[in-house]
Amino acid sequence: MSLVVILSMLLTPVAFAASPWTTEKTYGDRVTGKMVFGLQNTLLGWIQLFAVPNQYANEGKNVWSGIGQGLVEAVVDTVGGALQLVTFPIPADLPLPNNGVDLGGK
C-alpha cells in the first residue's frame, strides 16, 4: 500500500494522456494497436532508466531526479505494458505516463 502511495506522489506531475492506439476507428485496429503498444512497453520499459535522466540533463534539470523518475517510469511502463498486452482483446485504455516508451525520439 505504501508503494502505491509513493508511486502516486512521484507520478503526479506526469501527464497521463490517452494511449496512441485509442484513435483507431475499427475494433481490429484498436486491438492490434493495443497489443503492439503493450508489447513495446513490456519489452522496452527498461529504456526509461536511461532516456529520462538523459532528457533531464538536456533540459538542465537535476539528473538525480531524472534517475529516480526513470526508475519509476521503467517499472510503470513495463508493468503497464504487460497489463495492456494481457488485456488487448478489450479495447479499454490503461494510460501510461508520457504515453509509455517513445521510439520516435520525440
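In this report, two residues are in contact when they have heavy atoms within 4.5 Å of each other. Please keep in mind that the model is predicted.

## Overall fold

The protein chain holds four helices and zero strands, and reading along the sequence gives the pattern α-α-α-α. It has 106 residues, of which 28% count as buried.

The accessible surface of the protein chain is about 6,500 Å², and carbon and sulfur atoms account for 70% of that area. Contacts also reach across the sequence: taking those between residues at least 6 apart, 70% join residues at least 24 apart.

## How α3 meets α4

Helix α3 covers residues 48-58 and helix α4 residues 63-86; the two pack at an angle of about 145 degrees, and their axes are 7 Å apart. Their crossing is right-handed. On the α3 side, the contact is made by Q48, L49, V52, P53, Y56 and A57. From α4 come V63, S65, G66, I67, Q69, G70, L71, E73, A74 and D77. Sorted by class, this contact has nine nonpolar, five polar and two charged residues.

Which residues of α3 are buried? They are Q48, V52, P53 and Y56. Viewed down the axis of α3, these buried residues fall within an arc of 115 degrees, so they line one face of the helix.

What do the buried residues of α3 pack against? Their partner is α4. On the other side of α3, in contrast, F50 and N58 are exposed. Just after the helix, G60 adopts a positive phi of about 80 degrees.

## Q84, a buried residue in α4

Now for a residue in helix α4, namely Q84. Is Q84 buried or exposed? Its relative accessible area is 0%, and buried means under 20%, so Q84 is buried.

What surrounds Q84, once neighbours within four places in sequence are left aside? Q84 is in contact with S19, W21, K34, F37 and G38, and also with D93, L94 and P95.

Methods. Residues are numbered from 1 along each chain as its sequence is written. This is a predicted model: local features need pLDDT of at least 70, side-chain atom pairs count only at pLDDT 80 or more; totals for chains, interfaces and linings use all residues. Side-chain values use heavy atoms; hydrogens and water are left out. Buried means under 20% relative accessible area, exposed over 50%, partly exposed in between (1.4 Å probe, protein chains only). Accessible areas come from the Shrake-Rupley method with a 1.4 Å probe; for residues, only the protein chains shown count as cover. Axes are lines fitted to C-alpha atoms, for helices over the stretch in contact, and angles run from 0 to 180 degrees between N-to-C directions. A crossing is left-handed if the near helix is turned anticlockwise from the far one by less than a right angle, and right-handed if clockwise. Ala, Val, Leu, Ile, Met, Phe, Trp, Tyr, Cys and Pro count as nonpolar, Asp, Glu, Lys and Arg as charged, and the others, Gly among them, as polar. The arc is that of the directions from the helix axis to the C-beta atoms.
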